[in-house]
Number of protein chains: 2
Amino acid sequence: MKDIDILVSEVGPRDGLQSIAAILPTEIKNAWVRAQADAGFREIEVGSFVPPSILPQMADTAEVVAAALTLTNLNVAVLVPNLRGAEGAIASGAHKISIPFSVSETHSLKNVRRNHQQMFDEVTRIAELVAAQESPPHFEAGLSTAFGCTIEGAVSEDLVVRSAEKLMRCGVAEVGLSDTTGYANPQQVRRLLRKVQSAIGAENITGVHLHNTRGLGLANALAAIEEGITTIDSSLGGIGGCPFAPGASGNIVTEDLVFMLEAMGLNTGIDIDKLLDVRNILRTALPDEPLYGFTPDAGLPKGFRKGEKRND
Amino acid sequence: MKDIDILVSEVGPRDGLQSIAAILPTEIKNAWVRAQADAGFREIEVGSFVPPSILPQMADTAEVVAAALTLTNLNVAVLVPNLRGAEGAIASGAHKISIPFSVSETHSLKNVRRNHQQMFDEVTRIAELVAAQESPPHFEAGLSTAFGCTIEGAVSEDLVVRSAEKLMRCGVAEVGLSDTTGYANPQQVRRLLRKVQSAIGAENITGVHLHNTRGLGLANALAAIEEGITTIDSSLGGIGGCPFAPGASGNIVTEDLVFMLEAMGLNTGIDIDKLLDVRNILRTALPDEPLYGFTPDAGLPKGFRKGEKRND
């Protein structure tokens, strides 16, 4: 990924679709992933290995991974809640496996019915399984509710740091920070990133996952980038949220994020015109679902050239 | 204003209402301004002195100013397009008068039917009139289309700087930068602010006026604040735009801006709960108008304390 400045990691097919009641047919998911890869995306989280009884929207994840693996230049990512999910993910051949670790233990119990110690044990078992593979996938832990929890309220920043340290010791390759609840503000993003970077090394935290629940998503992304973060999760049309964190809806909008980055002269490798076309797939497939974002309606500025570094 | 960190200048009654076809009755405008002042706002742009034939929505500006002047601790601001408007503004007793100067000459001709030299002459005449007053109002020029123009496309940054210098020489007390068209990105905001600050002195540029046309409004506000800007214009519910710059709609949303600032530990002097109540006035008065912003729907984070500087 040396040829791009920022990796925009599309999580719509996972985080977006898991929060929508409608079940998107596999062929539409595949078409979406294909179109977005064709627009220049290098990483897409295509689904999660959770029991279909809990999230029937994700039941076809192995098939979606298989289709995505046929695309060139695409890092195929999936989410797993536990060891069983990781086994499915490894069997599918996904390149990247993420496990959410809720820093709010209350949220952890609600979300995956495990306390912190149980989660550390599970992460260790997955890390061992991953390490035993001939071509091990990249295994990452996302520190969810890192900026606050809809149940607990404020989340201790020391606990975030200690959780990050512990997860590294459990054997993950990297941790990320997730604003699951849309509580983060730019000052907090800067402060918490610096704390975690200083504790585990900046090379071990390269990504953030932000929501736009209170409209601060892109401001938080800006703060993260300016602190050295190089991977930003986002969701086409801003769909998504967490079904177990009430009121916490809406990932940051891929279209507006990519516009912001390219306008700032940061190369994402993404063709914005093609990206705006991908939105039509969602609009057609999910006609009743609100799609967020302003750039699709406003269009690109007159004379806009992507990745332009102006110095007049 | 020494007791607050950032002055959020509400421009909804002017920039918002001028772009809406419906004419809000004077008593509703007065109730809106009163409620927002009561929520802690220190500055509100309550209207503009333009011919009623052009903007009938602003015909009662003198009355709205008169009512606003009865409120304590409120800086009453108005916009004027020309000398005649400034005469009206001065007669009304407004504390602050802003004139837009379009750096895009094409936009200037469309918006106020004057080229740059005619605008400089007009600004000079207004500055002389202002200086001749016993209690002169604060007279400011806003550099509109500073970040790009929907007609011309890119706008020369050198021209922005030279216009700022020239306007200061014409006798304005201060200049501001306006992203009339929603073209700005955070990198550009930083770069252009630094250029103008370096040319005319940071003390002569303390405010920015941003639109959320492509969703980057708060990210741009963050960049501006981090460059030392202390006054941010915004509009309740994000209403507003420029009727002469097609597709350039939506000021940054006051509710989300205030939430961001207070969450960052920056004191605005504003009571967010009261602010969220003010929105109901607009919703009732303009039932067909879309209101923007996420914080009003999401509510404040659990346990949120305004102006909190966390250091756990």
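Let me begin with strand β8 of chain B, residues 231-234: Thr231(B) and Asp233(B) point one way from it, Ile232(B) and Ser234(B) point the other way, and all are buried. In a regular strand, side chains alternate between the two faces of the sheet. Buried here means that 20 or more other C-beta atoms lie within 10 Å of the residue's own; exposed means 12 or fewer, partly exposed is in between, and C-beta atoms are placed from the backbone. Strands (E, at least two residues) and helices (H or I, at least four) are DSSP runs numbered from the N terminus.

The model is predicted: local features need pLDDT of at least 70, side-chain atom pairs count only at pLDDT 80 or more, and totals for chains, interfaces and linings use all residues. Residues are numbered from 1 along each chain as its sequence is written, while chains are lettered from A and ligands numbered from 1 in the order in which they are written.

Which strands pair with β8(B)? From β7(B) the chain crosses through helix α9 of chain B, residues 217-226, to β8(B) in a right-handed β-α-β crossover. Right-handed means that, with the strands pointing away from the viewer, the path from the first strand over the helix to the second runs clockwise. Pairing requires at least two DSSP bridges between two strands.

These strands belong to a barrel. In chain B, eight strands close in the order β1-β2-β3-β4-β5-β6-β7-β8, with parallel pairing. The twist averages 30° from one strand to the next. Strands β4(B), residues 96-102, and β5(B), residues 138-144, pair in the parallel sense over seven bridges, and Phe101(B) has Leu143(B) as its bridge partner in β5(B). Helix α7(B), residues 157-170, packs on the sheet, touching β4, β5 and β6 of chain B, and its direction makes about 165° with that of β5(B). For such angles, axes are lines fitted to C-alpha atoms, for helices over the stretch in contact, and values run from 0 to 180 degrees between N-to-C directions.

I turn to chain A. Nine of the 10 residues of α9(A) are buried, including Leu218(A) and Ala221(A). Just after this helix, Gly228(A) takes a positive phi of about 100°. Leaving aside neighbours within four places in sequence, Leu257(A) contacts Val8(A), Leu218(A), Ala221(A), Ile232(A), Ser234(A) and Ile252(A); contact means C-beta atoms, placed from the backbone, within 7 Å.

Finally, the interface. It takes 38 residues from chain A and 38 residues from chain B. Elements giving two or more residues to the side of chain A include α7, α8 and α9 of that chain.

Where is Asn185(B) found? Asn185(B) lies in the loop between β6 and α8 of chain B. Why does Asn185(B) count as buried? Asn185(B) is buried because it has 27 C-beta neighbours inside 10 Å. Apart from neighbours within four places in sequence, Asn185(B) is in contact with Met260(A), Ala263(A), Met264(A) and Leu216(B). Asn185(B) and Arg214(B), 29 residues apart in sequence, are 9.5 Å apart in space, C-alpha to C-alpha.

Notes: Contact = placed C-beta atoms within 7 Å.
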